[in-house]
Amino acid sequence: MPPMSETSTPQDLSFFYGFLARCMQYPDPQWMNEEFFQAFFSLVDTLGATVEGKEIRDALKHSPDPMEALQIEYTRLFINGAPHVVAPPYASVYMDKSLQGAFALKTLSFYREKGYVMEKDADLPDHLIHELEFLSLLARDNDLAGEEEFLTTLFRPWYQQFCPRVGQETRHPYYRMVVNLIDFFTSEEKKDGFQCNEA
Amino acid sequence: MAFNVTRRKFLQTASLAAVSIPLSKVVCAETGVTKASLEPKGTMHDTTVVGGLCEMCFWRCQMVGRVRDGQLIKLEGNPKSIDNGTSICARGNAGIKLLYDVDRLKYPLKNVGKRGEPVWKRISWQEALDECGSKLKAVVDQHGPQGICVFPHGASAKYPMHYFERTVGTHNVSEASFFQCRGVRDTAYMASINEAPEEFVDMANAKVIFLVGCHFGENIHVSHTKNYIKGLQNGAKLIVADPRYSASAAKSDIWVQIKPGTDTAYLLAIMNYLVKNKKYNQEFVTNHTAGFDKFSQSIAEWTLDKAAQECEIPAAQIKEVADLLAANAPNVTIHPGRFSSWHGNDFQRGRALACLTALLGAYYVKGGWLPPKRPKLNKTSWAAAEHGNEHNLNYSGDKMQHPYSPPGTPTELIRDCAISGKPYPIKGCVVWGQNPMQTIPNQEKMKQVFKAMDFVMCVDVMPTDVTMWADILLPEASYLERFDEIKVGAAYAKAGDTEPTQYIAPRYPMVEPQFERKDQVYITNEIAKRMGHEQDIPVQTLEELVNKTLEVSKTTLASIKAEGGIHLQPGKPAGTVPEDFMVLLFSDEIAAAGFPGAPTYIPVENVPAGHARLLFGRAPVHSFSRTQNNIWLHHAMPVNPVWLNDEVAAKLGLKEGDTVGLVNSEGVKSRTTTIVKVTPGIRKDCVYMYHGYGMVNPMLTIGSGQGVDEQSLITKIAIDPESGVHGMRNNFVKLTRDGKTLDMPA
């Protein structure tokens with residue numbers, strides 16, 4: 001994990017992780033509104049992904065019900081899809097071939113060591129959203145070592161299996177962009193050999 | 001995807017704040033991860049949770065669960081259990097893998113595609129319940145309560161089934177456990193001894209155990225299997241009538257390799273021999289049976305030789321079995337069986353088993369049929385109500401088509417009505433825990449039923465094949481995540497006990513339900529409110545339902561939990577034959593209804609040339625289609641080989657492990673292939689497979705397409721005339737290989 005620069009602040013990075021967690025929530029007009037998409041496209045444009053950004057704008061513009069299209073795709077990709085769920089967003093599925101396996105317990109244990117627990121109504125601890133939320137909290141705490149350890153030992157090992165599945169199989173460019181943004185913000189640089197978003 | 005900057009460079013840009021500020025405004029303020037006090041590394045939070053009641057099959061073994069950090073990590077038999085003890089079977093152990101199956105249903109889903117080709121969208125419970133309630137109410141408003149049909153199965157389906165049957169008022173309820181499984185056994189015994197037999201046989205103390213088709217060892221229910229093994233250890237002789245060298249046949253003293261469908265002829269010949277040679281229990285027959293003379297006359301034609309010819313077994317062996325039973329009577333187990341929807345002549349076989357038990361005097365004796373005296377419980381559910389028989393499909397005027405039907409309406413009557421719209425339309429369908437695509441024969445007909453509906457809702461834990469036909473699909477809490485039914489029984493708590501001990505074991509959740517899974521009381525009540533029945537709701541929660549059911553026993557969920565999840569109390573000896581206990585060897589009532597008054601053999605269709613009869617049964621590590629997606633069980637038995645006689649295999653040029661498909665006599669081909677198991681242990685005119693494999697739904701990422709769905713080949717429908725129950729072993733198949741169909745040699 002690279003050290004934070006003089007220009008970025010822990011708070012900035014915390015926002016990025018938090019925003020990515022938001023992007024992975026089930027689409028709902030309550031939060032997936034004009035303000036959200038403005039922020040989303042602002043980030044996409046800043047990163048120079050103009051072609052992909054246009055593809056997403058077009059998909060949203062030309063869909064008769066863009067919200068339902070995203071909901072259907074979210075369900076298919078991450079919940080219960082036909083013919084089958086594409087990419088369950090849980091680490092244990094990739095590391096233990098099961099929901100809530102030993103890897104989920106390891107993840108929860110790591111949260112605890114850093115002074116965090118799961119809310120009662122939360123999803124499983126190894127859900128992508130909660131892992132991004134946790135990274136956001138670590139960034140806010142300026143715990144760079146913890147962030148690096150978590151990314152290396154508990155996040156990247158499964159995310160690098162998850163990301164291409166979504167990227168290759170999604171039928172909506174929004175989710176291709178979201179998983180690539182997550183990949184971008186959680187990948188080590190080239191020297192580590194597994195950043196799939198080569199700039 | 002190309003971003004024109006590296007992460008490092010991006011985080012170093014001066015304009016970073018300009019990007020992050022808009023993001024910060026849309027970030028969710030609440031997170032699932034929250035600050036707490038620090039804990040040392042290695043803290044496990046291990047606990048043992050008592051009160052588990054297994055439902056990987058119907059037997060309900062009592063369990064405890066080891067829970068770590070809210071995660072169930074191991075299931076074991078409850079040490080306090082006097083039923084299964086500390087043992088649970090492979091399926092019981094693998095319950096964890098059902099609980100955490102990735103493919104499990106998690107949220108309410110709406111099908112925005114077509115029935116059978118679903119496109120799912122997650123919706124809120126509010127929306128799902130509103131849709132279920134309004135659509136079902138619309139059906140009732142337009143077509144009456146009879147416009148709804150219900151296909152329930154399992155412990156959680158009882159409460160909603162009672163709602164639709166009693167409160168809404170439809171007769172059109174069909175439970176697979178009755179109409180495609182044990183119902184005909186129960187009604188045959190009800191008509192003979194006025195009680196359903198369950199599996200109340202004292203095999204542990206039997207001198208002879210007689211199994212007709214039962215295949216213990218492949219069919220495993222822990223305390224029952226223990227009882228059976230104890231009997232064998234104690235020296236019981238074992239007789240097994242089965243066309244296949246089953247796990248039980250492998251332990252038998254006498255294996256009767258009977259021709260399928262002829263079991264009743266076999267039983268009649270045994271009984272006729274006992275009667276003719278006065279080897280029956282004359283005291284029992286005098287005091288506790290009716291119609292002996294008419295019965296004797298009726299079965300008189302069944303000589304040993306005639307049965308030998310019909311059943312294709314040696315006459316001497318029939319005599320040997322009859323003599324062995326007579327010599328050891330009354331301490332003999334005539335097992336009533338369980339799955340009994342075989343050939344559409346099964347009521348008569350059930351009657352014959354009940355009557356044979358009577359001739360041997362094997363009721364209420366050690367080693368015989370010996371029902372335990374179980375603790376009593378309340379019956380808490382929706383209030384019973386009379387809805388008349390005007391819309392009961394089993395009635396033609398005052399006459400019943402199938403007077404010995406199990407509770408509910410025979411499935412075929414419901415399906416015919418739904419498809420034809422006659423005598424009335426059925427337009428709403430509720431499927432709760434049942435998978436009619438793999439329990440009910442003729443899948444194409446089942447599809448037509450779903451296509452005829454205005455609305456279909458399914459409630460399940462897994463995306464089984466039937467869920468592809470739902471408009472709304474609701475995720476249910478599994479048996480490990482909810483309170484639920486109560487198992488009661490009586491057993492000898494330890495060796496040497498002279499009095500039995502009674503037990504009461506309610507189901508407690510081992511862990512909290514995950515995601516948005518709900519229990520049956522919540523779902524049913526919410527639908528009932530939307531259908532205008534709020535005032536009829538009997539309980540508000542599942543916990544309340546169980547506590548009310550326990551009231552008469554003067555126990556509560558809290559008190560039993562404090563006792564380790566099982567309440568034990570002194571029992572009562574099983575006792576001797578009740579004075580008023582009667583076995584109707586000949587039943588005037590059955591005769592008056594237009595059926596044979598004494599057990600009668602009804603021949604079934606012979607195997608057509610070039611074919612083999614398709615037989616199926618239970619696998620030891622699966623509960624049919626319900627466990628096919630369980631990763632541990634899948635690894636144990638991933639496919640269902642087709643058993644093929646070794647001589648037949650040689651003529652067909654097939655060897656062990658060859659890949660084959662199947663095609664039935666009506667031209668229906670298996671969707672998938674399986675492997676051949678070559679064995680001398682099956683008749684030449686039969687093939688055999690384990691049931692429940694080859695599921696269609698690709699949402700089952702482990703079980704889908706594994707092995708062959710033999711149910712897809714059961715397209716010829718046989719109906720038992722007395723009960724209306726399906727017979728499912730009257731279908732004939734050929735094997736296919738490399739695109740060629742192989743004629744089975746004569």
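The model is predicted. Chain B holds 23 helices and 30 strands. The contact between the chains draws 67 residues from chain A and 58 residues from chain B.

**Overall shape of chain B**

- The radius of gyration of chain B is 28 Å; a compact globule of 746 residues would have one near 27 Å, so the two agree.
- The C-alpha trace of chain B spans about 105 × 65 × 55 Å along its principal axes.
- Buried residues make up 57% of the 746 in chain B.
- Take the contacts in chain B between residues at least 6 apart in sequence: 74% of them join residues at least 24 apart.

**Domains of chain B**

- Domain 1 of chain B covers 46–99, and domain 3 covers 199–359.
- Domain 2 of chain B is assigned in pieces: 109–179 + 379–481 + 517–540.
- Domain 4 of chain B covers 612–742.
- Domain 1 and domain 3 of chain B have C-alpha centres 35 Å apart.
- Their contact takes eight residues from domain 1 of chain B and four residues from domain 3 of chain B.
- On the domain 1 side of that contact in chain B, five residues are nonpolar, two polar and one charged.

**Contact between chains A and B**

- From chain A, 67 residues take part in the contact; from chain B, 58 residues do.
- Several elements of chain A give two or more residues to this side, including the helices α1 (10–23), α2 (34–46), α4 (66–79) and α6 (102–113).
- Also among them are β1 (116–118), α7 (128–140) and α9 (173–186) of chain A.
- The chain A side that touches chain B comprises 34 nonpolar, 20 polar and 13 charged residues.
- Strand pairing crosses between the chains: β1(A) and strand β1 (residues 33–35) of chain B run antiparallel, joined by three bridges.
- In this pairing, A:M118 stands opposite B:V33 of β1(B).

**Nonpolar core**

- The largest nonpolar core has 284 residues.
- The members that touch the most other members are A:L20, B:Y266, B:L268, B:I270, B:C355, B:L356 and B:V687.
- That list holds residues of chain A and chain B, with A:L20 from chain A.

Note on methods:
Residues are numbered from 1 along each chain as its sequence is written. Chains are lettered from A and ligands numbered from 1 in the order in which they are written. This is a predicted model: local features need pLDDT of at least 70, side-chain atom pairs count only at pLDDT 80 or more; totals for chains, interfaces and linings use all residues. Helices (H or I, at least four residues) and strands (E, at least two) are DSSP runs, numbered from the N terminus. The radius of gyration is taken over C-alpha atoms; the globule rule is 2.2 Å times the number of residues to the power 0.38. A residue is buried if 20 or more other C-beta atoms lie within 10 Å of its own, exposed if 12 or fewer, and partly exposed in between; C-beta atoms are placed from the backbone. Two residues are in contact if their C-beta atoms, placed from the backbone, lie within 7 Å. Domain bounds come from an automatic or database domain assignment. Ala, Val, Leu, Ile, Met, Phe, Trp, Tyr, Cys and Pro count as nonpolar, Asp, Glu, Lys and Arg as charged, and the others, Gly among them, as polar. Two strands pair if DSSP finds at least two bridges between them. A nonpolar core is a set of buried Ala, Val, Leu, Ile, Met, Phe, Trp, Tyr and Cys residues joined through C-beta atoms within 7 Å.
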